[in-house]
Structures are given as structure tokens and as C-alpha cells.
Amino acid sequence: MTTAAIITAAGRGLRAGGGVPKQWQLLAGRAVVAHALAAFDGMLRVLVVHPEDRDLAEALGLDVVIVEGGASRTQSVRAALEALAGRGVSRVLIHDGARPLVSASVIGRVIGALDQADGAAPALAVTDALWRGDAGLVVGVQARDGLYRAQTPQGFRFDSILAAHRAYAGDAADDVAVARAFGLDVAIVAGDEDNLKLTFPGDFASAEAILKGRQMDLRVGNGFDVHGFCDGDGVWLCGVKVPHSRALLGHSDADVGMHALSDAIYGALAEGDIGRHFPPSDPQWKGAESKIFLAHAMRLARAKGFALANCDVTLICERPKVGPHAETMREALAVIMEVAVERISVKATTSERLGFTGREEGIAAMATCALVRG
Ligand code: MG
């Protein structure tokens with residue numbers, strides 16, 4: 001499954017002051033929209049900008065698809081969805097570029113809810129009393145039961161929201177409104193008070209204070225795995241089938257590198273290992289592709305609010321030669337993990353013909369990963 005993120009930044013809102021639209025003003029030294037984009041690092045990202053802001057968008061120097069927005073927010077999102085059509089995207093998160101502090105936890109909750117619903121969006125229940133006012137006087141009280149403050153990212157199954165937008169005429173308040181008009185169910189997940197929308201000048205000071213107060217939580221994990229050789233014509237290593245005169249024996253595809261990496265992530269989370277989540281005694285995992293384990297470990301990390309800082313896999317064998325395939329392996333892992341390839345290292349070594357790897361009885365792999373929550 002490929003997740004894409006659309007960051008909307010085509011508005012001209014000047015209420016925040018400063019002479020340029022709020023999403024292009026600096027927050028803690030970088031553009032507000034760059035903070036928002038960073039929260040979705042590793043996904044296929046689309047940045048929707050006003051035509052006059054294309055230079056600003058290109059100057060960010062980020063790996064994003066830049067789309068020029070339309071006359072309304074709804075038209076802008078539609079243009080971004082059309083730009084993603086046909087790219088194999090299964091889920092899309094649509095996020096307001098003026099919300100720079102969205103956390104990995106909120107993003108993880110939205111993605112997780114899409115397993116059950118066509119759409120999901122974060123919101124906070126209204127806790128303040130609500131009044132109606134007129135000419136400076138309270139003229140009534142509004143019941144707050146069942147009222148929520150909506151946030152973003154609003155997440156959807158891609159084909160569903162694209163169809164909903166194509167069928168929608170007019171300008172909607174947000175994409176949840178477009179989805180509901182098409183008959184889609186949208187689940188509410190817990191939002192976050194820090195996920196504020198920068199609107200007024202004072203909001204920038206609040207956002208800087210939140211950024212300063214964030215305590216980075218860093219977790220490190222390691223994993224180790226071994227599989228022995230058997231008859232065959234190649235070995236699966238880090239998601240790539242490498243031609244060889246042998247295969248690796250195991251009840252799954254025996255991808256020893258991906259197993260070590262998955263265990264490193266589970267280890268960083270103190271969540272045991274692959275065997276705890278996918279018991280070998282359970283026949284449904286017989287012959288399972290190892291990418292199921294790795295994708296599960298990453299989803300668990302995201303659900304707990306962690307993002308991958310980096311990982312490093314070392315494959316230990318005399319043969320096959322891994323070096324010529326290492327870049328392809330990095331790219332394969334990046335797709336499965338939905339993180340940028342720069343955060344993934346794959347390298348190899350021999351054991352100088354010593355021990356079981358030296359005797360070419362099997363392949364060993366070790367992996368380290370760092371997860372951050374900030
Ligand atoms: Mg294994």
C-alpha cells in the first residue's frame with residue numbers, strides 16, 4: 001500500500017500579518033509549510049500552491065510534486081488528487097499547510113483507522129461552553145454535545161475520495177464534507193491540542209513555544225537472524241531476489257535481512273520480535289512474504305507516535321555478492337517502510353571464511369534502527 005500526502009498551501013490568508021501568506025512565513029527558522037511537509041517525510045508528497053508562490057515552493061528544495069491550486073480549496077485538492085491518479089496510491093492524507101505541528105501519533109491514528117473506514121479525520125470534542133452572541137451580548141447557549149473541532153490530516157482511501165471529488169460541484173468546507181456528500185463514512189480519531197492552525201500573529205508565538213517544549217524521545221533497537229542454505233536458485237535479501245546456486249530455508253520467504261530489520265524495530269518499541277506477532281505455529285503465516293512483517297513493525301511504530309530516524313542492515317555471507325544489489329535493496333525497503341531511502345543503509349561483509357557463514361552454510365544478518373518521537 002502506498003500512502004500519499006497532499007499539503008494544501010494555495011490560500012492567500014493574510015490575517016497572520018507579515019505581508020506574505022502565513023504558510024510561507026518562518027516558524028523557528030523555516031517556512032511553516034516546510035514543517036508540515038516534514039511530518040509526512042517518506043510518503044509521496046504533493047504540495048498545492050498558489051501560482052504566484054511556485055518559486056517559494058521550488059526554493060524549499062524538497063522532493064515533492066508541486067501542483068498549482070485552483071480558485072477554491074476544493075478545486076485545489078481536486079487538482080492534487082488528479083495529479084496522483086494512476087500512481088498506485090491506495091491511501092491519501094490531505095493536510096492543511098498552516099498546521100505545522102501535526103504529530104506522528106495523529107498521522108498514525110488516521111492511517112490506522114483507514115483499515116476500517118473509507119475516511120478518517122482527527123478532531124477534538126468541544127469542552128468550552130458555547131454561546132450565541134449578538135451586538136456584544138449573550139443571547140443564547142448552544143449545547144455542545146456531539147460537537148467537535150475538526151483538524152487535519154483528513155485521510156481517505158484514494159479511489160473513494162477521488163471519485164467523491166469528481167462528483168462534487170461547488171466549494172466544500174473540507175474534504176470530509178466532500179466525502180460525506182458522496183456517501184462515505186468518515187471515522188473520528190483523537191486529535192491533538194498542539195496541532196493548531198496558524199491564523200493570527202499570536203499563533204506563531206504559541207507554535208514556537210510548543211516546538212521548544214517538545215522532548216525528543218529516541219529509541220534504538222537491534223535484530224539478528226540466521227537462515228541456512230537449501231536447494232534453490234536464489235535468495236531473498238532485503239526484498240530483492242538475488243540469483244544464487246542455493247536458496248535460504250525458512251517457513252516464510254526466509255528474507256534474513258528483513259527479519260533482522262523487523263526485529264530491530266520491534267526491539268526499539270519493546271514489542272518482542274516477529275515470532276510474537278506472527279507465530280510460526282500459526283499456519284496462516286506459512287510462506288508469508290517478509291514485507292508483511294516489516295510493514296507491520298512500521299505501522300506499530302507509527303501508531304505509537306514514532307518515525308524512523310534511520311536503520312542499518314549488515315548481511316554476512318561469502319556468496320552471493322551483495323554489493324551490486326545494495327542500492328536496489330535500499331529502494332525496496334524504502335517502499336515497504338514508507339520512509340525516505342536516505343534513512344536506510346544496507347551493506348555486507350564476509351566472515352573471512354570463518355564459522356558457518358564462512359563455510360557457506362547460511363547467511364546471517366544484523367540490523368540496528370533508531371526511532372524518534374518528537
Ligand atoms: Mg528469520
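In this predicted model, Leu101 is buried, its relative accessible area being 0%. The residue belongs to the loop that runs between β6 (91-96) and α4 (104-113). Once neighbours within four places in sequence are set aside, the contacts of Leu101 are with Asp194, Asn195, Ala207, Ile210, Leu211 and Arg214. Val139, by contrast, lies 38 residues from Leu101 along the chain, and the C-alpha atoms of the two are separated by 36 Å.

Ser160 forms part of helix α5, which spans residues 158-167. Not counting residues up to four places away in sequence, Ser160 touches Asp118, Phe182 and Leu184.

The overall composition of the chain provides the setting for these sites. The chain holds twelve helices and 19 strands. Its C-alpha atoms fill a box of roughly 85 × 45 × 40 Å, taken along the principal axes. The chain has 374 residues, of which 49% count as buried. An accessible surface of about 17,400 Å² was computed for the chain, and carbon and sulfur atoms contribute 52% of this area. Among contacts in the chain with a separation of 6 or more, 68% are between residues 24 or more positions apart.

The packing of helix α8 was examined against two other helices. Two packed helices are described by the angle between their axes and the distance between the axes. For α8 (residues 256-268) and α10 (residues 290-303), the angle is about 20° and the axes are 9 Å apart. The two helices are therefore classed as roughly parallel to each other, since angles under 35 degrees fall in that class. The crossing of α8 and α10 is left-handed. On the α8 side, the contact is made by Met258, His259, Leu261, Ser262, Ile265 and Tyr266. The α10 side contributes Ser290, Lys291, Phe293, Leu294, His296, Ala297, Met298, Leu300 and Ala301. Sorted by class, the residues of this contact comprise ten nonpolar, four polar and one charged.

The packing of α8 with helix α11 (residues 326-337) has an angle of about 45°, and the axes of this pair are 13 Å apart. The arrangement of α8 and α11 is therefore oblique. The crossing of α8 and α11 is right-handed. In this contact, α8 is represented by Met258, Leu261 and Ile265, and α11 by Leu333, Ile336 and Met337. By class, six nonpolar residues make up the contact of α8 with α11, with no polar and no charged residues. Met258, Leu261 and Ile265 of α8 take part in the contact with α10 and also in the contact with α11.

Pro153 is situated in the loop between β10 (148-150) and β11 (154-157). A cis peptide bond is also found from Arg319 to Pro320, where omega is near 0°. Pro320 lies in the loop that separates β17 (307-316) from α11, the helix that packs against α8 at an angle of about 45°.

Positive phi values were found at residues other than glycine. Ala28 has a positive phi of about 50° although the residue is not a glycine. The position of Ala28 is in the loop between β2 (26-27) and β3 (30-31). With a relative accessible area of 49%, Ala28 is partly exposed. This assignment follows because residues count as exposed over 50% relative accessible area and as buried under 20%, with partly exposed in between. Glu352, likewise not a glycine, has a positive phi of about 55°. The loop between β18 (344-349) and α12 (355-358) contains Glu352. At a relative accessibility of 63%, Glu352 is classed as exposed.

Conventions. Residues numbered from 1 in each chain as written. Predicted model: local features only at pLDDT ≥ 70, side-chain atom pairs only at ≥ 80, totals over all residues. Heavy atoms only, no water. Axes fitted to C-alpha atoms, helices over the stretch in contact; angles between N-to-C directions. Helix = DSSP H or I, 4+ residues; strand = E, 2+ residues; numbered from the N terminus. Parallel < 35°, antiparallel > 145°, perpendicular 65-115°, else oblique. Left-handed = near helix turned anticlockwise from the far one by under 90°. Contact = heavy atoms within 4.5 Å. Nonpolar A, V, L, I, M, F, W, Y, C, P; charged D, E, K, R; others polar. Buried < 20%, exposed > 50% of the residue type's maximum accessible area, 1.4 Å probe, protein only. Areas by Shrake-Rupley, 256 points an atom, 1.4 Å probe, with all protein chains shown as cover.
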